[in-house]
Structures are given as C-alpha cells and as structure tokens.
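Here is a short note for a colleague opening this entry for the first time. Please keep the sequence and the model in view while reading the points below.

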Amino acid sequence: MVILHFGPEDLANVRFAISPLNELHLSVRVLDRPDARAIHLPWITAARERLEGLDIGVLQALQPSSAYTPDFINPPPGTPLAELEEELAEMAATPRDRVRAEVLRAYAGGEVPPVLRAFLDEPDAAVAQLAALAREYWRRALAPDWARIRALLEGDVLYRARQIADGGAQRLFADIHPEVRFAGDALTVDMPFDATAQLAGRGLLLIPSAFAWIRPAVLTEPPWQPALIYPARGLALLWEPEPTAPSAALASLLGRRRAAVLTALSAPRSTTELARALELSPGSVSQHLAVLSAAGLASGHRVGRVVLYARSPTGDALAG
C-alpha cells in the first residue's frame, strides 16, 4: 500500500499531464497479456501485424514482472500535453549511474537479462539505442491510433478538472479508481508494495492512461514530482467505431455541417482536429463551434497550448 500525505500547498499543486512515452511503455505490456484482449483486442491485432520484424525485446525486458520498473525509461512529463521527443530527450539526459542503478534494482535478486547488459556497460549508448527503438515502435504501433487515444486522455483530463471545480479533492479522487482513496490529508493507493511519502509542497501529477486498464501505478522516487498513473475514463469504448455522420434529424435541425461538428465532439477535439476530420476549413469550424457554445451545446477548455471543445450534457442529449 502506498500512502501520500498532502500538506496545505499540495492540493493547489495537483496537475494533469498526458504522456506519450508512458502510453508507449504500458502498451508494450498489453501486447503480451492475455487479459488485455477483452479491451484492447482491436489494437493488439493491428499492432502485432505492424510490428512484425521489429525486435522489441529491450522494451519488454525493461518492464519485468516485479513491482519496480526503471524510472528513467518514463520520466513524468513536465507539460500538460507532452510530445514524445520531449520525453525522449528527458530520458536521454538521465545520468549513467542512475541508469545502471535502476536496471539493477529492477532485477534485484536475479540476473540482468543479456539484452539489458549494455545499460550496465555502456549506458549512454544503450539509452540512445532505446530512444531509436521507441521512435520506431511509436511509428508502427501507436502513431496510427494516437489521435483516438489522445482524445480519450484529453476527455478524462477535462472531466477530472470539472470534478475538482465541483467538489475539490474529495470529488476528484472519489471515482478515479476503486483502489484509490482520499481521507483527511492522505491519498491511499492499493499496491503490491508499501511506501509512505510526504508530498511536501510538490503536489501530485495525475496521468490518465489508455493502457493501464487494471490498476493504478504510483511514482514516488526523487527527483520526479510524485505521480499517479490511472486508467482513463471511458476506456471500455476506446476501440468502438466513432460516429461518422450526424443523423438526418439532427442535420435537419442544425444544418448538416453544424450537426457534423456536434457529432464529432463525442470526444474533446481542437478546431484543427475537427477541420481535418470533417474536411472543413478551420474558419468554418470555428464559426460552428461559436454557435454551438452560445447555445449551450458545447464549450471550450484550454489544455496546455490547445483549446479543446467538448459537448455539454445538453449537447450529448441532443446528439444522441
């Protein structure tokens, strides 16, 4: 069990982030887990085909079945919407002694696999090769589906932000996961190991994930900000076909293009994403969003450098 103690400043320093590198490493685990098929089978089938001929043994070995996974392979993102290259640069900057120590710790009590020996003998070169492998894995396995995955994660962030606004920390943590509980000044997470940490003004980083579908994970090791990785809301619907066109009734009511914009907001999207998906100009999409927002059917929320639009409950009812 992990217990995180909040001080007076910590609740004000709770933040959210989306991490492509976190999704990359967690997706590697999903490929070899039979219990993942219930949720991720469409992705697993496609990804295995796209990954044919690529040796991902290093990625797999860096995630042993023990409770600890080397932290350097997945540094917590420093911005709300991190880019893969930003995270890989942070990984590449890990001191070599830390790389060695974390690989050894991951295999404490056992022998480090031969495929990971380079991380002990030549850590700088090994980390550079790991970054190159991660880029190729991303290109094949995740890039084709990243827009869909990111929309799910962004939707979770918007939902959690509303939970904080409506009910503070109690509301936020009430439905993140059954194994996460908040009482008094402490957040308790059921984990297969014991740890207690004082947040001491550092706050908590919350990272929703599409591939951490069973249980949350916690990072408390310095020098990183403490982080909680948890399954994103709506995960069970991730691979279902998205609505491609509005109903005839909705199109008659709102007009075909405006109805298409409202229908496409089944997940939060930026103006640019909507324009690309609907083959409309950004200016046209902006006009339709302005009308939908004025009517209380949608609203925009800034996440990092991007404004994401999502349907309101009234918009959901109308689109349905």
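In which sense do strand 6 and strand 8 pair, and over how many bridges?

1. **Strand 6 with strand 8.** Keep in mind that this is a predicted model. Strand 6 covers residues 205-209, and its pairing with strand 8 is parallel, over five bridges.

2. **Strand 7 with strand 8.** Strand 8 also pairs with strand 7, residues 217-219. Here the sense is antiparallel, and there are three bridges. Leucine 219 has alanine 227 of strand 8 as its bridge partner.

3. **Cover over strand 8.** Is strand 8 mostly covered or mostly open? Strand 8 runs over residues 227-231 and is mostly covered. Five of its five residues are buried.

4. **Salt bridges overall.** Now to the charged side chains. Side chains of opposite charge can pair when their charged atoms come close. How many salt bridges does a search of the whole structure find? The search finds 15. The next points take up some of them.

5. **Arginine 96 and aspartate 124.** These two form a salt bridge, with the closest N and O atoms 2.3 Å apart. Arginine 96 sits in helix 5 (residues 96-106) and aspartate 124 in helix 7 (residues 123-142), so the pair ties together parts 28 residues apart in sequence. Arginine 96 is partly exposed, at 43% relative accessible area. Aspartate 124 is partly exposed too, at 41%.

6. **Aspartate 156 and arginine 160.** Buried or exposed: what holds for aspartate 156? Aspartate 156 counts as buried, with 1% relative accessibility. Arginine 160 is buried as well, at 2%. Their side chains meet in a salt bridge, 3.2 Å from N to O. Both lie in helix 8 (residues 146-174); because they are four residues apart there, about one helical turn separates them.

7. **Arginine 181 and aspartate 190.** Another salt bridge joins the side chains of arginine 181 and aspartate 190, at 2.9 Å from N to O. Arginine 181 has a relative accessible area of 37% and is partly exposed. Aspartate 190, at 24%, is partly exposed.

Key: Residues numbered from 1 in each chain as written. Predicted model: local features only at pLDDT ≥ 70, side-chain atom pairs only at ≥ 80, totals over all residues. Heavy atoms only, no water. Buried < 20%, exposed > 50% of the residue type's maximum accessible area, 1.4 Å probe, protein only. Helix = DSSP H or I, 4+ residues; strand = E, 2+ residues; numbered from the N terminus. Pairing = 2+ DSSP bridges. Salt bridge = Lys/Arg side-chain N within 4 Å of Asp/Glu carboxyl O.
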